[in-house]
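Biologist: Hi! Could you walk me through this one? I'd like to start with a helix and then look at the annotated positions.

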Amino acid sequence: MTTIDLKELGITVQDIKRNTAPSELYEEAIRREPGTTISDLGALIAYSGTKTGRSPSDKRITRSPEAEDEVWWGSVNISLEKHSFEVNRERASDYLNTLDRLYVFDGYAGWDPKYRIKVRVICGRPYHALFMHNMLIRPTQEELADFGEPDCTILNAGAFPANRYTTGMTSKTSVDLDLANRQVVILGTEYAGEMKKAVFTLMNYLMPKQGVLSMHCSATVDPERTHSTILFGLSGTGKTTLSADPHRLLVGDDEHCWSDDGVFNIEGGCYAKAIYLTREAEPQIFDALRFGAVLENVVYDKADHHVDFDNTSITENTRGAYPIEFIDNAAIPCVAPHPTNIIFLTCDAFGVLPPVAKLTAEQAEYHFISGYTAKVAGTEVGVTEPQATFSPCFGGPFLVWHPGKYAELLSSKIAQHNVNVWLINTGWTGGAYGTGSRIRLKHTRAIIDAIHAGSLNDAPTSTDPWFGFQTLRDVPGVPEEILAPQSTWSDPDAYDQTAAKLVELFRNNFKSYESGVRADVLAAGPSRK
Ligand code: ATP
Ligand code: MN
């Protein structure tokens, strides 16, 4: 193994394990990290500590003359003085220097060699090294020998807090990106997902500079690799679940780019929600959680290490990270032709949106900028009101440029490649959360099968009275009565009231974009006054 020099980063630890095999990382994790163990199916069970999800309000982007005009500053990209970044980086390296052994993983982000970047992860936890081994693209031995200097470095000192008195800190957690030097510093959170989303954020900065659209979406391709589909959607809308499709090859489950040459995955692995996972409903994901996979924050039986996927006592956000080739029908290399279909996934907990609608180019731009989904209320007893979330480009937290830049790229690519755009509601039917029920996974899968079969291209539609898009009325394998949402509600007046409320939320959200979009896009929003 080639030795690497981390002195420039202020790292003086001598014992550095680089690109260590999963079996050895298992051994290291179990020996050195209390609580870590192996599930009865072979996955490494690890715990991320107090933080079991991302900390978006603790993300910072370092100020630089270059970044000044490029970054969409605000609540998504909170600025950090260069000096504070350096304080945090030194804090991270000082902490890492107290450890007797460090782990480095060198890998790639981006399956297209033309656009891929070299990423170096430096961390103290074997669990984090295995996570990034699974999530980045794993280099061959030759590639590793010639790796050279990375394009991006992640210093993960998540076990050590930020200092709240450092200028710009509002908590003990800080995830700091320096776009100019392509460095990431993580303090005060051991949630592994921060690392993968930091890489995604960097790609969201670098790719549009080259005219490439980076996207928060999953992607599949037909077995002949001629027709691809990308599925946009915010967390929990079904990107991972629906891209594990027995009829299609999996290109990737979360982060992709669309260049002039087609679509490529950014990652080398998947990060699936594990809550309520069953082999019956999601066999591909269930079977991927085997030796080599990381299972985070799950509860298991102490006697036989059988995982209880229904147990939410640590978090609802239990996750499994596995290399993409753990899915049998992965499309390796993870590249695909220009998409034939684009699907916007939304989990509408209001039960207003239809299971599937076809969008015009202008409606597509409107809904892409809106990025609507809804969350069901927390666990508080008696609270059943859904919460609407609008996140531009279905990935607001990871955008670096103004959303308009991504929206323009998407629109021009849709026009150029003549792509069909569909809106699919994976959320509620027959009433809002509390009254109705979630659309069945098998029905959503049938809708997606029909899109791929081409049978919806000329199928009968009706204009949605509230949103103005074309609702599909006839989809093979889906009961006709659920396709028009109004008719699934026992009380039609209640439907109209809820729809009016949702339309209002859409309009309020869109106000901040009105001045920046074309009139035809604005007119493609909800139609009923
Ligand atoms: P993230 O960005 O956080 O990774 P995601 O978009 O990949 O989120 P999934 O992990 O696929 O989201 O989560 C969708 C969840 O909703 C799964 O637990 C899935 O079983 C459940 N679900 C229930 N009904 C449906 C449906 N009709 N379509 C899709 N998913 C459904
Ligand atoms: Mn996912």
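Modeller: Happy to. A term to begin with: buried means under 20% relative accessible area. Keep in mind that this is a predicted model.

Biologist: Good. Which residues of H11 are buried?

Modeller: In H11, the buried ones are His443, Thr444, Arg445, Ala446, Ile447, Ile448, Ala450 and Ile451.

Biologist: And what do those buried residues pack against?

Modeller: They pack against strands E12, E22, E23 and E26, along with helices H7 and H12.

Biologist: How far does H11 reach from its first C-alpha to its last?

Modeller: H11 covers residues 441–453 and reaches 18 Å, close to the 18 Å expected. Just after H11, Gly454 has a positive phi of about 80 degrees.

Biologist: Now the annotations. Which residues does "binding site" cover?

Modeller: The unreviewed UniProt entry lists Arg54, Tyr191, Lys197 and Arg319 under that annotation.

Biologist: Is Lys197 buried or exposed?

Modeller: Lys197 counts as buried, because its relative accessibility is 10%. It is found in helix H6, and its contacts beyond four places in sequence include Arg54 and Asp254.

Biologist: What about Arg319, buried or exposed?

Modeller: Arg319 is buried, with a relative accessible area of 12%. This residue is found in strand E20 and, among other contacts, touches Tyr191 and Glu296. A polar atom of the Arg319 side chain also lies 3.1 Å from the backbone oxygen of Tyr271.

Note on methods. Residues are numbered from 1 along each chain as its sequence is written. Chains are lettered from A and ligands numbered from 1 in the order in which they are written. This is a predicted model: local features need pLDDT of at least 70, side-chain atom pairs count only at pLDDT 80 or more; totals for chains, interfaces and linings use all residues. Side-chain values use heavy atoms; hydrogens and water are left out. Helices (H or I, at least four residues) and strands (E, at least two) are DSSP runs, numbered from the N terminus. The expected span of a helix is 1.5 Å times one less than its number of residues. Buried means under 20% relative accessible area, exposed over 50%, partly exposed in between (1.4 Å probe, protein chains only). Contact means heavy atoms within 4.5 Å. UniProt positions are given in the numbering used here, feature names are shortened, and annotations may be inferred rather than shown by experiment. A polar contact is a pair of N or O atoms within 3.5 Å; within protein, one must be able to donate a hydrogen and the other to accept it, and residues adjacent in sequence count only if both atoms are side-chain atoms.
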